[in-house]
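User: Hi! Could you walk me through this one in plain words?
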Amino acid sequence: MPNDEATEARTLEQVLDSTLDSVDVAEEAVLREAQELGFDEDEQHRIGMSVRECMVNAVVHGNRYNARKKVHLTVSRAADRLTVVIGDEGEGFDLNNLPDPLANENLLRHSGRGLLLIQAFMDEFQIRAREPKGTEVKMVKYVGKAS
Amino acid sequence: MSVKLTTRQVGDVTVVDAVGRITLGEGASTFRDTVRDLASGGHKKLLLNLAEVSYIDSSGIGEMVSGFTTVTNQGGQVKLLNLTKRVKDLLQITKLYTVFEVFDDEAAAVRSFS
């Protein structure tokens with residue numbers, strides 16, 4: 001069971017380089033918070049994987065490994081939920097123009113499944129344009145809610 | 001830890017035992033290179049044993065699909081063995097359960113190639 005200190009509301013913010021190392025850094029940071037909030041091992045795996053997919057999108061597709069562009073990570077926790085916001089400084093994209101990874105003609109595509117997995121694993125998922133530039137994804141996982 | 005892949009022959013089936021993580025970067029590229037090398041070396045019946053794979057991300061899934069396509073286009077087959085619950089979940093979410101043949105028993109998997 002989480003203790004009082006662990007469930008205390010708090011927010012962590014990090015600005016990360018556009019590298020694959022940052023993917024691991026973000027995943028580990030979020031998993032520490034998830035563990036302290038009392039998420040079980042399977043839920044932690046789903047949260048960690050969602051963060052990994054989102055970070056890869058930000059580093060690879062958003063910032064395109066550009067050393068001058070950063071990835072902005074915010075992790076907020078309350079007693080009943082973990083909220084993760086990941087923003088990049090890329091060109092942005094239109095969610096409606098992405099191919100449906102579940103359509104039969106797309107099943108054998110090499111890529112395009114990351115957002116599908118995030119939506120399956122997290123309780124809430126929002127994506128929007130980031131000011132002044134880029135894309136921001138907000139993900140929420142509630143404690144004790146089966147996914 | 002990235003992924004470690006070892007291969008062994010069971011009759012004319014090449015079993016690939018994978019241990020570790022198949023994620024973007026070294027894990028996914030090691031997996032891709034191994035499957036491509038096997039395919040180009042004439043190994044047309046590949047059975048991927050994922051019992052000891054602790055983590056696959058969407059890049060890893062992508063490499064599995066690409067390997068499947070590469071080998072199938074050369075007239076071969078790729079099948080999966082011993083999936084963990086987490087990997088099974090991934091295949092269900094992505095509908096790839098409809099693409100891959102999946103087995104829990106190695107002998108049955110090997111027989112299915114003939």
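User: How do the axes of helix 2 and helix 3 of chain A cross?
Analyst: In this predicted model, the axes of helix 2 (residues 41–62) and helix 3 (residues 114–121) of chain A come within 9 Å and cross at roughly 150 degrees. Axes are lines fitted to C-alpha atoms over the stretch in contact, with angles from 0 to 180 degrees between N-to-C directions; helices (H or I, at least four residues) and strands (E, at least two) are DSSP runs, numbered from the N terminus. Helix 2 and helix 3 of chain A are therefore roughly antiparallel (over 145 degrees).

User: Which residues of helix 3 of chain A make the contact?
Analyst: They are A:Gly114, A:Leu117, A:Ile118 and A:Phe121. Helix 2 of chain A brings several, including A:Arg46 and A:Met49. Contact means C-beta atoms, placed from the backbone, within 7 Å.

User: New topic: how many residues does each chain give to the contact between chains?
Analyst: Chain B gives 15 and chain A gives 17. Helix 2 (58–73) of chain B gives the most to its side, with six residues.

User: And A:Leu107, where is that?
Analyst: A:Leu107 sits in the loop between strand 3 (81–87) and helix 3 of chain A. A:Leu107 touches B:Lys95, B:Leu96 and B:Val99, leaving aside residues up to four places away in sequence.

User: Anything on numbering and confidence?
Analyst: Residues count from 1 along each chain as its sequence is written, and chains are lettered from A, ligands numbered from 1, in written order. As the model is predicted, local features need pLDDT of at least 70 and side-chain atom pairs 80 or more, while totals for chains, interfaces and linings use all residues.

Definitions and conventions. Angles under 35 degrees count as roughly parallel, over 145 as roughly antiparallel, 65 to 115 as roughly perpendicular and the rest as oblique. Two residues are in contact if their C-beta atoms, placed from the backbone, lie within 7 Å.
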